[in-house]
Amino acid sequence: MKYAKNILETIGNTPLVQLNSVTKEVDALVLAKVETFNPGNSIKDRMALKMIEDAEADGRLQPGGTIIEGTSGNTGMGLALAAIVKGYKCIFVISDKQSKEKMDILRAVGAEVIVCPTNVEPEDPRSYYSVSKRLGAETPNSWYVNQYDNPSNALTHYEQTGPEIWEQTDGKITHLVVGVGTGGTISGTAKYLKEQNPNIKIWGIDTYGSVFKKYHETGIFDENEVYPYITEGIGEDILPKNVDFSLIDGFTKVTDKDAAVYTRKIAKEEGIFVGNSAGSAIKGLLQLKENFTKEDVVVVVFHDHGSRYVGKMFNDDWMRDRGFLEEDIKTAAGLIKN
Ligand code: PMP
């Protein structure tokens, strides 16, 4: 018989799928690492399990303990699955811009969810950084995960995601395109791939309202770069320790509208139902297309599943309210012509 002893054994070894439509204007072979095949439907299952295992190993997490984290949802899902199998409690602090689906999903897997305002400074006591840190200090037998600075996060991708991509492409990968949030995915995967072949180019996808691109280019943390944005999962108003800027060759920024429009295109044209950071990654890849030739093998990471965004970019009213619907733009152009 072939079976997994529990759900955690099904994490990883996700497929690499050729994109045939959304990137057809790019000369290279473009392959998507589709992380929705993980049991919690996102790449974060990988690092959630490893962060827990590493904390168990050195005693930071004790039997029956409470796991506390500030999470935009996907890390929470991964932590919750591992907590169920291993017998821990979870408290997650989430910002109010995250989709309701994400909050409901976390509650469905037994976590307590605390919602904090998005548009306050990280140092503000109401911010989700501050609240999660405070809960970590106040709750007995608890462990504050801190995925931003926890080295097990990037290490996961050094041990798993990088080797998987290297093997799946027979070492032929030439470029990696990845949305950057905590930086764990890009830094760990890039470190492994660059060790195999230092010529592999690593591109980070950033969003307007985030500090990464400017910081990478100038070394300056520019507060003027920080303003509210809609895209979930990528971009930051802090510099997480997990972003290793020395491994990243360049960043490109993608607008909220483009992220939403391209997320819908991926679903409609490829039949791959993924979240909005995948739309950002594809639009970013198209913005970078001058860098690719037809011999190149470009791997792009699709971090999470589209089901978490059915009330957002997959909802026409939500799109129309923000002026994001392509049809409306065509109508406006038509009206101008008339
Ligand atoms: N996309 C989504 C949907 C995410 O949840 C995350 C995690 N914040 C990312 C991209 C970025 O991944 P990382 O944190 O490893 O940089």
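**Exercise 1.** In which loop is Asn-41 found? Then decide whether Asn-41 is buried or exposed.

*Solution.* The model is predicted.
- Step 1: Asn-41 sits in the loop between strand S2 (29-34) and helix H1 (44-57).
- Step 2: check the backbone. Phi of Asn-41 is near 65 degrees, a positive value in a residue other than glycine.
- Step 3: count neighbours. Asn-41 has 23 other C-beta atoms within 10 Å. The cut-off for buried is 20 or more, so Asn-41 is buried.

**Exercise 2.** Work through Asn-141 in the same way: is Asn-141 buried or exposed?

*Solution.* 
- Step 1: Asn-141 lies in the loop between helix H4 (128-138) and strand S6 (142-144).
- Step 2: its phi is positive, about 50 degrees, although Asn-141 is not a glycine.
- Step 3: Asn-141 has 12 other C-beta atoms within 10 Å. Exposed means 12 or fewer, so Asn-141 is exposed.

**Exercise 3.** Describe the shell around the ligand.

*Solution.* 
- Step 1: 17 residues surround the ligand. The closest are Gly-181, Thr-182, Thr-185, Gly-233 and Ser-277.
- Step 2: sort them by type. Three are nonpolar, 12 polar and two charged.
- Step 3: find the main contributor. Helix H6 (residues 184-196) gives the largest share, three residues.

**Exercise 4.** Which residues touch the most other members of the largest nonpolar core?

*Solution.* 
- Step 1: this core has 51 residues. Leu-176, Val-177, Ala-281 and Val-300 touch the most other members.
- Step 2: strand S10 (residues 297-302) supplies the largest share of this core, six residues.
- Step 3: another core lies apart from it, with 32 residues, including Met-51 and Tyr-144.

Notes:
Residues numbered from 1 in each chain as written. Predicted model: local features only at pLDDT ≥ 70, side-chain atom pairs only at ≥ 80, totals over all residues. Near = placed C-beta within 6 Å. Helix = DSSP H or I, 4+ residues; strand = E, 2+ residues; numbered from the N terminus. Nonpolar A, V, L, I, M, F, W, Y, C, P; charged D, E, K, R; others polar. Core = buried A, V, L, I, M, F, W, Y, C linked by C-beta atoms within 7 Å.
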